[in-house]
Amino acid sequence: MTGRTSARGQVRGQASAGELLALVRSGRATTRGALQQLTGLSRATVGQRLDRLFRAGWLREGAGGPVDSPLGGRPSITLEFDDAHAVVLTADLETRHARAAVLSLTGEILAEHSGTLVIEDGPEQVLTELGRWFAELLEKAGHRADEVCGIGLAVPGPVDIETGRVVQPPIMPGWDGYDIRGRLSRAFTDHTGAPPVPVLVDNDANLMAYGEQRSGHPDCSAFVLVKVSTGIGAGVVVGGSVFRGIDGGAGDIGHIRVGAEALCRCGSYGCLAAVASGGAVARRLAEAGVPAASGADVRDLLASGHPEAAALAREAGRQVGDVLATVVTLLNPGVLMIAGDLAGTPFLTGVRELLYQRALPRSTAHLEVVTSRLGERAGLVGAGAMVVEHLYAPERVEERLVALGY
Ligand SMILES: [Zn+2]
């Protein structure tokens, strides 16, 4: 080891091509001179490493023309991440409905599809159908299948991030331990004829939180998103990364016991999700003679201003708000975002009532309680960002450049 670590944690004198790309992508250094200055690499070494990135098509010269160099001398050409060299496929599974999209590497949705896809039909059927959707979406977006660099999938259950498998998911019968990555990769190949690509899987609330934090609250260092649809889950983003805990169980607040007697889909009694989820509200509406079977049905009723649905959503908000008082006290987030089928004024009113009453003023003084900005696209955007951050992480850039022969 000959390099020395600078105050910013950058290893000076030995930054790889991947690290240079990361500096350009983050905007910390966007000229050759700035890269030299930040890394301590010589002009020639920076040039050689950038050349590999140019040849791979991952870097391009900016359209804005030359800017002043931090090293003085001639103005420098700006560098930017070439987001046109590949695309990402993503999908977000709900219990009876799914969304899929083609995204650019910078997170722009290029084509999108949503439709009925019933999770209870099991992984074989659902993932095969997704493969078909992906093929159609690529055609719609005008991209070839061999341009796809990876696939990201959001699922409504706890995920072991190392294997991409769901672990004892209460609302995904038949999916426990199933090889989602392998099957979805095969479905993509079967429907497009393209070679296999990496598939990454994570919990939907985690990916929604990641997508929302990055796109709308990039400076918020402690961000919590609570998704209330058929189930209830939370995603926590700390310091720009999803906080998963050691087993991927962080944020699974739907199964905290709140003392009620209702039977939950997880098999226990008295879970928060059994009394305050979209599913629970739908059940209570149905008991009162209002046709509703899912969180999505409740969302439609709320949108039409249905008074009983609004009253039940507000009560559900109070129950969730009580649990969120603990969440907020533990994490002291800057933003608490409410998303999912129930996210609307009645539910938010209920959340605020209990949250501010039960949490310490110190932990809510600077707290913003907001609704989703990306809406139903949050999971797709978060899944795309997960794939891009994985594939363009410095160490992986090096592996991939070598594999491509650069
Ligand atoms: Zn439960």
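**Domain layout and packing of the predicted chain**

The domain assignment of the chain gives three parts, namely domain 1 (4-81), domain 2 (87-205 + 380-404) and domain 3 (217-374), with bounds that come from an automatic or database domain assignment. The structure is a predicted model, in which local features need pLDDT of at least 70 and side-chain atom pairs count only at pLDDT 80 or more, while totals for chains, interfaces and linings use all residues. Residues are numbered from 1 along each chain as its sequence is written.

The secondary structure comprises 14 helices and 16 strands; helices (H or I, at least four residues) and strands (E, at least two) are DSSP runs, numbered from the N terminus. The radius of gyration of the chain is 23 Å, close to the 22 Å that the globule rule gives for 406 residues, so the chain is as compact as a globular protein of that length. This radius is taken over C-alpha atoms, and the globule rule is 2.2 Å times the number of residues to the power 0.38. The C-alpha trace spans about 75 × 55 × 40 Å along its principal axes. Of the 406 residues, 47% are buried; a residue is buried if 20 or more other C-beta atoms, placed from the backbone, lie within 10 Å of its own.

The C-alpha centres of domain 1 and domain 2 lie 32 Å apart. Nine residues of domain 1 are in contact with seven residues of domain 2, where contact denotes C-beta atoms, placed from the backbone, that lie within 7 Å. On the side of domain 1 that touches domain 2, helix 1 (17-26) and helix 3 (43-56) each supply at least two residues. The largest share of that side, six residues, comes from helix 1.

The largest nonpolar core holds 100 residues, of which Leu153, Leu225 and Val320 touch the most other members. Such a core is a set of buried Ala, Val, Leu, Ile, Met, Phe, Trp, Tyr and Cys residues joined through C-beta atoms within 7 Å. Helix 10 gives the most to this core, with nine residues. Domain 2 and domain 3 both give residues to this core, so it lies between them. Apart from it lies another core, of 20 residues, among them Ala34, Leu41, Leu59 and Leu401.

Helix 10 (residues 307-331) has 25 residues, which at 1.5 Å a residue should span 36 Å; its end C-alpha atoms are 34 Å apart, which agrees. The expected span is 1.5 Å times one less than the number of residues in the helix. A kink of about 30° in helix 10 is centred on Val323, the bend at a residue being the angle between axes fitted to the seven residues ending there and the seven starting there. Just after helix 10, Asn332 takes a positive phi of about 45°.

Thr230 is placed in the loop between strand 12 (222-228) and strand 13 (232-238). This residue is buried, with 27 other C-beta atoms within 10 Å. Although Thr230 and Gly295 are 65 residues apart along the chain, their C-alpha atoms are separated by 4.7 Å.

How values were computed: Buried ≥ 20, exposed ≤ 12 C-beta atoms within 10 Å, placed from the backbone. Contact = placed C-beta atoms within 7 Å.
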